[in-house]
Amino acid sequence: MHASDGYAIGGFLWRNPAPGAGKQPVVIINAATSVTCGYYTRFAAFLCEQGFDVLTYDYRGIGLSRPRSLRRFPASWIDWGKLDFEAVLLHAKGSFPGQPIDVVAHSIGGFIIGFAPSNHLIRRIVTMGAQHAYWRDYAPRSRYRMLVKWHLVMPLLTAVVGYFPGRILGWLEDTPSGVVRDWSRAQRRFEDGYRSLTGKHAEAKALMQQFSAVTAPTLALSVTDDDFGTVPAIERVLAYFTGSPATHLRISPESIAQAAIGHFAFFSGRHEKTLWPIPLEWLRHGRCPDDAPGTIVATGLRRAPWPEG
């Protein structure tokens, strides 16, 4: 598939072969920053086994959507939502006519939903650890270590190399410089960073108003040992989606007899029996299971805790 600017987006499709298929929802999986769509293969296969069609894809600059050279490749978080996710949404609408479109989103994948002009097409959303990397929202126990790693070392290496060489360091995938800029300069209000970079105040306001077009009910999942996905971080992102009724379920590793879950392990196959039934119930029926591990932190419509401007 291709984005509106002609850029080719690579990914995978799991097609449900069951008799009568064609009316079931199609689920799009939005990845975390610099994580290839292959990481979500087992979860995608699980959803397909449960009766869904599933689309996974890589954002521009990552995995199957990586160009020949990443040096100075300008892809940003906004591009990932406004162009790449938008392309996948339109592909789902055209290739699966009449089927509801749902989204499961990990980390930044939950935030960039707001940038897509066609985000009103989404029926239901499940996010896991969705936040936009504002450093003061990081868990206090790791805040300053993460500040040095992601907001000082990462942009410095990117300035030298022309992209972030994450793969050789074992820090996620190689990452485009524009994404590194967005991450390392993230502010309390995402739009403030965009304004300071471009000087386009009206454009920044219009960009963020796109978030209110999302009316799909959202199940926001977070875990207590995720240093990125703290309660303030999750609620900060949810506050942008003022048209989406949201339920925030916070899960501890102890509630499923595990030592750790963290920011990534939710999508590990070892949690198929304990954690995956939670998004499955939401995608099927729009509700959180009564026996779900964890605690409901908040539910209902959000109002942005800051004035517009």
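**Figure 1. Parallel pairing around strand 5.** Strand 5 and strand 6 (residues 218-223) pair in the parallel sense through four bridges, where two strands count as paired if DSSP finds at least two bridges between them. Helices (H or I, at least four residues) and strands (E, at least two) are DSSP runs, numbered from the N terminus. Look for threonine 127, whose bridge partner in strand 6 is alanine 220. Strand 4 also runs parallel to strand 5, and six bridges join them. Here aspartate 102 stands opposite arginine 124 of strand 5. Strand 5 is mostly covered, with six of its seven residues buried; buried means under 20% relative accessible area, exposed over 50%, and partly exposed in between (1.4 Å probe, protein chains only). A note on the model before you go on: it is predicted, so local features need pLDDT of at least 70 and side-chain atom pairs count only at pLDDT 80 or more, while totals for chains, interfaces and linings use all residues. Residues are numbered from 1 along each chain as its sequence is written, and side-chain values use heavy atoms, with hydrogens and water left out.

Figure 2. The side chains of aspartate 102 and arginine 123 meet in a salt bridge, 2.7 Å from N to O. Aspartate 102 lies in strand 4 (residues 101-106) and arginine 123 in strand 5 (residues 122-128), so this pair ties together parts that are 21 residues apart in sequence. A salt bridge here is a side-chain nitrogen of Lys or Arg within 4 Å of a carboxyl oxygen of Asp or Glu. Aspartate 102 is buried at 0% relative accessible area, whereas arginine 123 is partly exposed at 27%.

**Figure 3. Aspartate 5 meets arginine 60.** By the same rule, the count comes to 14 salt bridges. One of them joins aspartate 5 to arginine 60, with the closest N and O atoms 2.8 Å apart. Aspartate 5 is in the segment before strand 1 (11-14) and arginine 60 in the loop between strand 3 (53-57) and helix 2 (77-95), so the pair ties together parts 55 residues apart in sequence. Aspartate 5 is partly exposed, at 46% relative accessibility, while arginine 60 is buried at 5%.

Figure 4. Aspartate 137 and arginine 236 form a salt bridge through their side chains (2.6 Å, N to O). Aspartate 137 sits in the loop between strand 5 and helix 4 (143-161) and arginine 236 in helix 9 (residues 231-238), so the pair ties together parts that are 99 residues apart in sequence. Both aspartate 137 and arginine 236 are buried. Elsewhere, salt bridges with shared partners join Asp5, Arg60 and Asp84 into one network.

**Figure 5. Inside the largest nonpolar core.** This core has 91 residues, and those with the most contacts inside it are Ile28, Trp80, Phe85, Phe111, Ile113, Phe115 and Ile278. The largest share, seven residues, comes from helix 2. A nonpolar core is a set of buried Ala, Val, Leu, Ile, Met, Phe, Trp, Tyr and Cys residues joined through side-chain atoms within 4.5 Å. Contact means heavy atoms within 4.5 Å.

**Figure 6. Helix 1 and its packing partners.** In helix 1 (residues 41-49), the buried residues include Phe43, Phe46 and Leu47. The buried residues of this helix pack against strand 1, strand 2 (26-30), strand 3, strand 4 and helix 10 (277-285). After helix 1 comes glycine 51, with a positive phi near 110 degrees.

**Figure 7. Two loop residues with positive phi.** Serine 34, although not a glycine, has a positive phi of about 60 degrees. Serine 34 is found in the loop between strand 2 and helix 1 and is buried, at 2% relative accessible area. Alanine 133 likewise has a positive phi, near 65 degrees. Its place is the loop between strand 5 and helix 4, and alanine 133 is buried at 5% relative accessible area.
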